[in-house]
Amino acid sequence: MTVVDRLGQGLGPAFRAAARHIDRRRFLTVTSAAAALAFAAELPAAGVAGAPELDPRKITQDPFSLGVASGDPLPGSVLLWTRLAPRPYEPDSGLPHRRIQVRWELAHDPRFSRIVRRGSATAHPEYHHSVRVELDHLASDRAYYYRFRAGSWISPTGRTRTAPGPGAGPTRLSLAAVSCQAYHDGYFTAYRHLAEEDLDVVLHLGDYLYEFAVDPAGGARGYTDRRLPAHYGREARTLQDYRLRYSLYKSDPDLIAAHAAHPFVVTWDDHETENNYAGNSSEDAVVPEEFLLRRAAAYRAYWENQPLRHHQRPQGSHMRLYRRLRFGQLAQFDVLDTRQYRSDQAYGDGWKAPGPRSEDPGRTMTGTLQERWLLDGWRASRPVWNVVPQQVVFARRRSVPGDGAKLSMDAWDGYPASRDRILAGATATGVENLVILSGDVHAGLAFDIKEDFDDPASRTLGTELVTTSISSGKDGSVRPSNWADLMRANPHLGFYDGRRGYLRLNLTQNRARADFRTLSRVTTPGARVTTAASFVMEAGDPGLKPA
């Protein structure tokens, strides 16, 4: 079986036929690979060519095993999501290749005594029976409750919220930032606590799932009351693999609770596709033409399983995920994608001494178009706070004090010219109250962003808050083994904690407050959440201050 045949498994006969043709003739360029993928993947057909319809009354098991979700709140608009999966750990989720009509309701109250709107949507088998409903013309800055029905089955109730209008001046915005939830490293207990927080929105900064194998006991979870199917014991590479991996992750009750409680704004990092991939370059040294097939499968499964809008559906191996959301005059969120367009990591990745290859001015983390989009958005920005949710650590992070320090080639340290252009753009556009939100490193960190990282006395341009992982890295520790070196080597670093948890951020017109919420353990369930540290940032006076 060829590589392309393996990657085509789970995409259906149309893709497999195209994939075999592609493999015979080989790809001549990356562009031809992307173009081939754009027509190869199955899409729902209209009329008599479409999949036949299934009477939802024939569904004999609860199809809402993965819960509900909402996302990307806009003024007067929000996106609702669910996916039908009576038997989520099976490749077809226990459903035939038929479309299913799903009813939905939106209400002012959780008892649905005051219905705002109701309707129906189609769960297409080509999209793995995922459902998304884009609602417009709602009241801005208001909470709503929603649910779905399929036959006699009723989904859990979700709570969502629309964003304030462009001219509104909300006095407060409360959000959480999360990242890195390796199922095999522990329980998602942090999500249970997050579901109980009073939040307007949750920002997921990437590594929603990991492509790595999960053993029958769930890895560090050490299940004794169940055994996971054997197909989870291999790395995800095909569309079917990625779909099954989302079924595993999204069946977690704590993650279900968090999605039901709050709208999410999501962006990816590397593990939704492959560890440390960069643009069209695979970690495994396969040719780009073959890697783009895998990337297309991963992107398709990501869109199917996240509360993203219809227009964000990937086109083959490309998916525009960077976008801008505004919450009235209080905050602007510029959500970045630092994986799809970046240059390959210098010096073979990892922690390396910087040099001409990493410092090449032509290297980019965001790609030219996204970089220009970000700076143009700052130039037009009017809200008090400018928040940039993205993936990897932005501030400089030297491994040890003095000579011989190494930098992460996967983080912005491996792309200093790209970072310099962003910071020069921030200065040129006059953007104020800059807060960068990052994940990736399985630790909570807080940095001042300096105009010159070599000069601690140089001007502070903003703040970076790095949220720790939900579960990746297992239990962690208060002070990881490199704590002393990192704190001494980076005077702009004000906090470092290696436990699991999430970041809570409250914005007002005058200040922002960041609370690093941590858990003592994730390899066993039920840990309490505590606040490890809190910082404030005053509007008009950039920099961290202890709360």
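1. Helix 8 (residues 368–379) packs against helix 9 (residues 416–429) at an angle of about 20°, their axes being 9 Å apart. Helix 8 is therefore roughly parallel to helix 9, a term for angles under 35 degrees. Helices here are DSSP runs (H or I) of at least four residues and strands are runs (E) of at least two, numbered from the N terminus. Axes are lines fitted to C-alpha atoms, for helices over the stretch in contact, and angles run from 0 to 180 degrees between N-to-C directions.

2. The model is predicted: local features need pLDDT of at least 70, side-chain atom pairs count only at pLDDT 80 or more, and totals for chains, interfaces and linings use all residues. Residues are numbered from 1 along each chain as its sequence is written, and side-chain values use heavy atoms, without hydrogens or water.

3. From helix 8, E371, L374, L375, W378 and R379 meet S418, R421, I422, G425, A426 and T429 of helix 9, where contact means heavy atoms within 4.5 Å.

4. D376 also belongs to helix 8. This residue, D376, is partly exposed, with a relative accessible area of 38%; buried means under 20%, exposed over 50%, and partly exposed in between (1.4 Å probe, protein chains only).

5. The largest nonpolar core has 48 residues, of which Y183, Y191, L194, Y302 and M319 touch the most other members. Such a core is a set of buried Ala, Val, Leu, Ile, Met, Phe, Trp, Tyr and Cys residues joined through side-chain atoms within 4.5 Å. Helix 7 gives the largest share of this core, seven residues.

Key
Angles under 35 degrees count as roughly parallel, over 145 as roughly antiparallel, 65 to 115 as roughly perpendicular and the rest as oblique.
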